[in-house]
Amino acid sequence: MKEKLDNIIKNAQAELSKAENTKELNDIRQQNLGKKGAFTELLKSLGSLSPDERPQAGKIINEARMMFENMLTEQEKKIKSLEKQIKLSLETIDVTLPGEKSSIGSAHPLSLVRDEIENIFIAMGFEIAEGPEIELDHFNFELLNVPKGHPARDMQDSFYVDETRLLRTHTSPVQARVMTTQKPPIRIICPGRVYRFDEVDATHSPVFHQCEGLVVDRGINMAHLRGTIDVFAKRMYGSKVKTRFRPSFFPFTEPSAEVDVSCYLCGGEDKNCRVCKGSGWIEILGCGMVNPNVLKMCGIDPDIYSGFAFGMGIDRITTSRYTISDLRTLFENDMRFLKQFQGL
Ligand SMILES: [Zn+2]
């Protein structure tokens, strides 16, 4: 019996010293103290001894078992502390490593120009209004004095979703929506994306951006329009520029005008100017007094109120501002092109 116990202890000691983790330790515990473990088997064999021998044998078995348990606890402590060290070393952060650089994006040139336009008008007391890009024919054409069969519809050859809805061809429907839901005084600009069935080339794109403006109040006249556009042009292109109005036609304004701004680069002095191509003027927007029919259709009494409206192409302003020769570069998302606007 004594010999057997010595063997068990010796084996257990050898095994324990080899154990490297909690799982191996548990296996050794099971092998010795489990249901079929070495100590359990020995205790079971006590029955075969004579009653006189049993107490003495039981005592040595228990002593040996306690010794084994102490060894187990000792080894368990060692392994636990080792495991903790390994875990800590894995979680260590090396503060001397160089950091990972995350690249910062930049605003798209169209966004830069749009922000600039918005800020100029906000400073003049305008609010920004937005509307859906899939628009009802009713708002996109009807309320703007362009009934079915009107030639202006052909000029804006459009993307129809179904009989009554289309991708908006201008941001003017936002004006119609505001006029039908708000009472004057109205002073808004509506920047946004618009769609027309245009072939793609250096100066045309089926998707482009407009910023329209609308003022409706008592006693609004052409002088207010002239003054507002002049302030806008001077803030956008520099205080030296002049503006000129040329008569034009739009179904939703009467009278209507196109506005040119004198060349901010050469002031009309350079015959080979890359911005104005030598003409001295750059066309920037269309505008006019809101047609009384439009006011009436939108539920505003034209005998009491009058208004002016204007619209400009953000893309055109962007290409002339940054002397971009091809409109397509604005939509190709080529990083080499876009990176040039970083920090502007
Ligand atoms: Zn010029």
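**Sheet, core and zinc site**

E212 stands opposite G311 in β9. This is a predicted model, where local features need pLDDT of at least 70, side-chain atom pairs count only at pLDDT 80 or more, and totals for chains, interfaces and linings use all residues. Residues are numbered from 1 along each chain as its sequence is written, and side-chain values use heavy atoms, without hydrogens and water.

Strands β5 (207-217) and β9 (306-313) pair antiparallel over 8 bridges. Pairing requires at least two DSSP bridges between strands. Helices (H or I, at least four residues) and strands (E, at least two) are DSSP runs, numbered from the N terminus. The open sheet has 7 strands with mixed pairing, in the order β1-β4-β5-β9-β8-β7-β6.

Helix α5 (109-123) lies across β1, β4 (186-195), β5 and β9, at about 165° to β4. Angles run from 0 to 180 degrees between N-to-C directions, with axes fitted to C-alpha atoms, for helices over the stretch in contact (heavy atoms within 4.5 Å).

The largest nonpolar core has 43 residues; I117, F121, F232, L285, F310 and M312 touch the most other members. Such a core joins buried Ala, Val, Leu, Ile, Met, Phe, Trp, Tyr and Cys residues through side-chain atoms within 4.5 Å. Buried means under 20% relative accessible area, exposed over 50%, partly exposed in between (1.4 Å probe, protein chains only). Contacts of F310 include F121, I189 and L285.

The zinc ion has protein donors C263, C266, C273 and C276, each through SG, at 2.2 to 2.3 Å. Donors are N, O and S atoms within 2.8 Å of the metal (3.2 Å for Na, K and Ca); water is not among the atoms, so sites may look incomplete. Their spacing is C-x2-C-x6-C-x2-C. C263 and C266 are buried.

Technical notes:
Lists of a residue's contacts leave out its neighbours within four places in sequence.
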